[in-house]
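The sequence and structure come next, followed by the description.

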Amino acid sequence: PEEFVYGEEDFVLQAAGWGDPDSAPSRFDRVLLAGWSDRMERGLFRYRLGPLPSRVLPGPLRLVAQLNEQRSAERRPPQPVRSLRDPFDPGAFNFTRLRPAELLFRLRRTGGPGPPPDPLLVAINASPLERGHVLLLPEPARRLPQVLTAPALRGALEAALLSAHPGFRVGFNGLGGGASVNHLHLHGLYLDRPLPLEEAPAEPLGPRLGLLRAGPAPAFLFFAPGPAALEPVSRAVYRAAEHLGGAGLACNVLAMRGDPPAGPGGGRGLRVLLWARRPLFGPKASEPFAVALCELAGLLPLPAEPLYRDITEVQALSAIRQHLLPEPELLRLGGELARLLE
């Protein structure tokens, strides 16, 4: 694939506001969305993605339900996962098998701040949740399992700052936390609406860690006020995720534009949310929907029209919260992470 070479001058320090999210797309946005639309026209996706019906569920959390029947019917079945440390399986589907046309470009940084992260391949997600839904892949030939690394996360956080769109987010689903392929990858996607998680204040747990309770699931919050903070933040999130794995817990990560941990007023930067959860291995027949990073953030992609039409906030929260830790365990874990990161 072609290289997308960027430097510090390409970081968009102030993204567009939600009042005009399509104003002045960045070079990254233009290249990504043009390539993505080209692949859609060429029929390289599993289905043609049109406008998706969506509605805000009545209730204080204002969860967003979205109907995406084709994704449920057409996507590749998730790989079976047996543990948080499953090794890479060359016999299962992996990203070395992507067709060359599915690759959009390779992200590579030159210049500061600090040493550049590993290059990332940007490929279409053939079963997209939204327009512009891509995969961010560290070199697939390395055959790394789906366990978060600091260089991969840092590359994804830099990609988030290359976009001028307020709704471009990057995220990671760990093994036992909704990952469907055991080959290291992150997601990038454009969402067309703000989330409460962008500005709600967090409870401080330490100098670099907060607890955010604004969404359907409490998350540990890290904050990067600018590009120079991406390296220490990615290292801190990696160390926290590694600690969760050692405690037998799965994780999900989501990074988005947002306010400082204290809330609006201090200048926006990049919020990085880390969810700790009970791992789930294999499908659970009684669940109305799978729970991964979108659901934890308050966006519910739903597989069937009756469920989309009838689901309530109470039902959605019940499905999400059965994966979460009890409050005492969550707070104890928060104390451990705060000490780890001091």
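Two strands are said to pair if DSSP finds at least two bridges between them. Helices (H or I, at least four residues) and strands (E, at least two) are DSSP runs, numbered from the N terminus. The model is a predicted one, in which local features need pLDDT of at least 70 and side-chain atom pairs count only at pLDDT 80 or more, while totals for chains, interfaces and linings use all residues. Residues are numbered from 1 along each chain as its sequence is written, and side-chain values use heavy atoms, with hydrogens and water left out.

**Strands around β6**

Strand β5 (residues 120-124) pairs with β6 in the antiparallel sense, over 5 bridges. Within this pairing, A123 stands opposite L135 in β6. Strand β6 also has an antiparallel partner in strand β8 (residues 186-190), joined to β6 by 3 bridges. Here V134 has G188 of β8 as its bridge partner.

Burial is judged by relative accessible area: buried means under 20%, exposed over 50%, and partly exposed in between (1.4 Å probe, protein chains only). Strand β6 (residues 134-138) is mostly covered, with 5 of its 5 residues buried. In a regular strand the side chains alternate between the two faces of the sheet. In β6, V134, L136 and P138 are buried on one side, and L135 and L137 are buried on the other.

**Strands around β10**

Strand β9 (residues 203-206) and β10 run antiparallel and are joined by 3 bridges. They form a hairpin with 2 residues between them, and G206 stands opposite L209 in β10. Strand β10 also pairs with strand β11 (residues 219-224), again antiparallel and over 3 bridges. A hairpin through 6 residues joins β10 to β11, and G210 stands opposite L221 in β11. Both faces of β10 (residues 209-212) are covered: L209 and L211 are buried on one side, G210 and L212 on the other.

**Helix α3**

Helix α3 (residues 150-162) has 13 residues and reaches 19 Å from its first C-alpha to its last, close to the 18 Å expected at 1.5 Å a residue. The expected span is 1.5 Å times one less than the number of residues. Of its 13 residues, 12 are buried; among them are A150, R154, E158 and L162. T149 caps the N-terminal end of α3, with a side-chain oxygen 3.2 Å from the backbone nitrogen of A152. A polar contact is a pair of N or O atoms within 3.5 Å; within protein, one must be able to donate a hydrogen and the other to accept it, and residues adjacent in sequence count only if both atoms are side-chain atoms.

**Aromatic rings**

A pair of aromatic rings is described by the distance of the centres and the angle of the planes. Rings of Phe, Tyr and Trp (its six-membered ring) pair if their centres lie within 6.5 Å; planes under 30 degrees apart count as stacked, over 60 as edge-to-face and the rest as tilted. The count by this rule is 8 aromatic pairs.

| Pair | Centre to centre | Angle between planes | Class |
|---|---|---|---|
| F4 and F28 | 6.0 Å | 85 degrees | edge-to-face |
| F28 and F105 | 6.2 Å | 80 degrees | edge-to-face |

F4 lies in strand β1 (residues 3-6) and F28 in helix α1 (residues 27-41), so their pair ties together parts 24 residues apart in sequence. F4 is buried at 5% relative accessible area, F28 at 1% and F105 at 2%. F4, F28, F105, F168 and Y190 form one aromatic cluster.

Charges also sit over rings, a term used if NZ of Lys or CZ of Arg is within 6 Å of the ring centre and within 35 degrees of the ring normal. R76 has its charged end over the ring of F93, 3.5 Å from the centre. R55 lies over the face of Y308, at 5.9 Å from the ring centre.

**Positive phi values**

R62, in the loop between β2 (54-56) and β3 (64-67), has a positive phi near 50 degrees. R62 is exposed, with a relative accessible area of 54%. R143, in the loop between β6 and α3, has a positive phi near 55 degrees. R143 is partly exposed, at 42% relative accessibility.
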